[in-house]
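Here is the note I promised on this model. Have the sequence and the 3D view open while you go through the points.

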Amino acid sequence: MFEKIKEVIHSPSKALEFFLGKDVISQSVPFEELSDYEKWWKEEGEKISESVDRARTPWLKMYDETGKRVDEIQYPSEYWRMLYEGYKRGIIDRVFDKGSIKPFYLIEYIVTFFDAGLGCPYTVSLSTALSVFKYGSDDIRNEILPLMRRKDERVWQGATWMTEIKGGSDLGYSVETTAEEKDGVWILNGEKYFASNVGAEVAVVAARPKSAPQNVKGLALFLIKKYKKDGSLNYFVRRLKNKVGTRSVPTGEVEMKNSSAYLLGKREWGIYEILDVLNSSRLANIFGSVAVIQRAISLALKFASQRFAFGKNVIDHILARKQFEDKVNEFVKCFKMGYDCVSLYNEVFREVPPFSDKFNLFRLMSHIAKYCTAEMAIQTSKWAMEMFGGLGILEEFPVERLFRESIILSIWEGTPHRQMLDGLEVMVKKQSHKLLFDYIREKNKNNEFAVQKVSEIQKFTEDFLSKDENFQERNVETLFKKLSELWEI
Ligand SMILES: Cc1cc2nc3c(=O)[nH]c(=O)nc-3n(C[C@H](O)[C@H](O)[C@H](O)COP(=O)(O)OP(=O)(O)OC[C@H]3O[C@@H](n4cnc5c(N)ncnc54)[C@H](O)[C@@H]3O)c2cc1C
């Protein structure tokens, strides 16, 4: 496998072609357009991306010269060119044009290979557009979707703001933003502590309607626009965060002060809609992590192929070669896992609560995949730094940045604890593991060894789930590692 992957490791579009084939890709995005986008990155995008990272945090311009509050995010003009390039290539529009989410994840794979942080604005825009598409009234859908599907600088970007200062994992406890209906309009008051793609024209926000219970069932999902009808700001950016990585997306703190909002979907669906918003972004995290793994191996391979030590190039030493082979095997496993999630999500992404068994299967698979791929992206980029030796620590080589970019991957869209506990819940409550085993068995039905391995993992899982809750929670990581072996066969 190492020899085959070596041929495609430096090119994200070639890797996609290797795994999926040109014809399958072209059903979603013409393959030539993907390779053309990669060419753009190599010729222009990479330099812009590097300068954005080096420039560190963008600035927040809060007031204009007349004293009016404007809250504009100030990046160099090249940043906007880099950002709009993805919209121009239809990263959001194609999803609705084709009625398929696959174009998004294929284009995003190219983006993330070159700039993991820039994947975020597109991801949260997709999550917002899907929420509008699924849960918005006809009026909202007709107004907002065409703006979000624009393929030029006038595109409306989205954002997904749930987390508040008291925490992101337990939203039922931590969300203090209130929502109150007055004369048919919802009014939001509160603060969001981690607001990525801050400055977006429209955002989906978790808030608690007044008199709703102080738990997760009391939450509802709202849509807010950046500007009110009179042109004044509808939300305010208090400050931008200094971050070690992902500087290609501005993350800020947002204040809502009597902000007008639209309720999305049904009030009682709130938490299910909020978790649904996370599905598309969790998947972007998964597939983006695979691209980061590829990039890390690519950087390490280029370096080790010319670095000379003990009489030969580093790559030709037995131990180094073995490590490359292991990393490539992990990459292949993560790609298979990630693309299975993309395919399955494509079948269920239109669903609204109550969700089908297949939807719950997607949830389980994506919790396993998020847990594994994010960790592997971090480990592989750390290993790539080691491959560079001391040079890996220096800011002048790209591997240092890749590591900084990768460490967020296990936090965004839910920490590893959350992935494991949510995955456990869907197994216990919905029995989704049974469908998972059927799914993998069906894919490998002509492989006797694989079918036997699935049965072994199924037996392990059923024994595990027959134990008491305390045992399950303490040992769930062992179960997750075991389940991830389903993609090694
Ligand atoms: C750069 C950046 C951008 C972000 N952008 C956004 C955004 O746009 N929108 C948004 O909504 N959020 C955003 N976030 C927030 C992110 O989603 C949260 O950081 C994440 O969900 C974790 O929440 P927390 O940081 O509050 O940690 P906490 O929820 O406080 O958790 C702290 C630790 O406790 C662990 N823990 C919690 N519960 C359990 C349990 N039951 N068992 C075991 N361990 C547990 C967690 O796994 C974690 O390790 C962003 C974060 C960062 C860093």
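1. Start with Phe437, which sits in helix H16, residues 432-443. (Helices here are DSSP runs of H or I with at least four residues, strands are runs of E with at least two, and both are numbered from the N terminus.) Phe437 counts as buried, at 0% relative accessibility.

2. A word on what you're looking at. This is a predicted model, in which local features need pLDDT of at least 70 and side-chain atom pairs count only at pLDDT 80 or more, while totals for chains, interfaces and linings use all residues. Residues are numbered from 1 along each chain as its sequence is written, and side-chain values use heavy atoms, with hydrogens and water left out.

3. Now the ligand. It has 18 residues around it, and Thr163, Gly168, Ser169, Thr415 and His417 come nearest. (A residue is near if one of its heavy atoms lies within 4 Å of the molecule or strand in question.) By class, this shell has eight nonpolar, nine polar and one charged residues. (Ala, Val, Leu, Ile, Met, Phe, Trp, Tyr, Cys and Pro count as nonpolar, Asp, Glu, Lys and Arg as charged, and the others, Gly among them, as polar.)

4. Which atoms of His417, Thr163 and Ser196 lie by the ligand? For His417, a polar side-chain atom is 2.4 Å from a ligand oxygen. Thr163 has a polar side-chain atom 2.7 Å from a ligand nitrogen. With Ser196, a backbone N or O atom is 2.8 Å from a ligand oxygen. The protein covers 66% of the 970 Å² of accessible area that the ligand has on its own. (Accessible areas come from the Shrake-Rupley method with a 1.4 Å probe; for residues, only the protein chains shown count as cover.)

5. Where does the shell come from? Strand E3 (160-161), strand E5 (185-196) and helix H15 (416-430) are the elements giving two or more residues to it. E5 has the largest share, three residues. Domain 2 (160-269) and domain 3 (271-487) each supply at least three residues; these domain bounds come from an automatic or database assignment.

6. Two residues have a backbone worth a look. Asn197 is not a glycine, yet has a positive phi of about 55°. Asn197 lies in the loop between E5 and strand E6 (202-209) and is buried, at 3% relative accessibility. Gln431, also not a glycine, has a positive phi of about 60°. Gln431 is in the loop between H15 and H16 and is partly exposed, with a relative accessible area of 34%.

7. Check the peptide bond between Pro353 and Pro354 too: it is cis, with omega about -5°. Pro354 is in the loop between helix H12 (318-348) and helix H13 (357-387). For background, most residues other than glycine have a negative phi, and most peptide bonds are trans.

8. Last, the cysteines. Cys120 is buried, with a relative accessible area of 7%, and Cys334 is buried, at 2%.

Key. A polar contact is a pair of N or O atoms within 3.5 Å; within protein, one must be able to donate a hydrogen and the other to accept it, and residues adjacent in sequence count only if both atoms are side-chain atoms. Buried means under 20% relative accessible area, exposed over 50%, partly exposed in between (1.4 Å probe, protein chains only).
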